[in-house]
Amino acid sequence: MDFKELEYILVIAREKSISRAAECLYMSQPALSRFLLKLEGRLGVELFIRKNRQYLPSQAGELYLDMARRILGIRQEFDVRLEELLEAGRGSLNFGITPGRARTMLPLVIPAFHQQYPGIDLNVFEEDVETLEKYLKEGIVEAAFLTMSPGTEPDSSR
């Protein structure tokens, strides 16, 4: 059993016609008919009752359709979650640092950062302490290495 097989059966059930299902699936009607006959032969049961030129799910067909929907739903959830997992390692970080610290720290930090987080772009803002404090408060940078100005309290909400 593969995903294509499940999708074919779902389209036949939705269209109630081999001809219309074949059109939707961009395949010939004889090919889809052969597929259905071969599948029903392999399962040993008819999935559809042919009545008044319509294909209506049999009891076994209803079971098959229910399972097909579940399996394809799980596959779709897997695809979404896998994409989220792959995307979790991508993005950017806006990072602030004072010029004095930048000269000594960045040659060590940037290569190590890129090695550990290859999918993250690091945007470095070299600015004075006052500007970096402002950038942090305004959300322009997410992180900064600086010495706070005298009398400045760190913002605990960030």
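Contact here means heavy atoms within 4.5 Å. The model is predicted.

Two packed helices are described by the angle between their axes and the distance between the axes. Helix α1 spans residues 3–15 and helix α3 spans residues 29–43. Angles of 65 to 115 degrees count as roughly perpendicular, so α1 is roughly perpendicular to α3. The crossing of α1 past α3 is left-handed. On the α1 side, the contact involves E5, Y8, I9 and I12. These residues meet L32, F35, L36, L39 and R42 of α3. Of the residues in this contact, 7 are nonpolar and 2 are charged, while none is polar.

An open sheet is built from 3 strands. Their order is β4-β3-β5, and the pairing is parallel. The edges are held by β4 (120–126) and β5 (143–145). Each edge strand has a single partner, so one of its sides is left without a neighbour in the sheet. From one strand to the next, the twist averages 25 degrees. Strand β3, residues 91–97, pairs with β5 over 3 bridges in the parallel sense. Within this pairing, I97 has F145 of β5 as its bridge partner.

Helices also pack on this sheet. Helix α5, residues 99–116, touches β3, β4 and β5. The direction of α5 makes about 180 degrees with that of β4. Helix α6, residues 129–138, lies across β3, β4 and β5. Relative to β5, α6 runs at about 160 degrees.

Definitions and conventions: Residues numbered from 1 in each chain as written. Predicted model: local features only at pLDDT ≥ 70, side-chain atom pairs only at ≥ 80, totals over all residues. Heavy atoms only, no water. Axes fitted to C-alpha atoms, helices over the stretch in contact; angles between N-to-C directions. Helix = DSSP H or I, 4+ residues; strand = E, 2+ residues; numbered from the N terminus. Parallel < 35°, antiparallel > 145°, perpendicular 65-115°, else oblique. Left-handed = near helix turned anticlockwise from the far one by under 90°. Nonpolar A, V, L, I, M, F, W, Y, C, P; charged D, E, K, R; others polar. Pairing = 2+ DSSP bridges.
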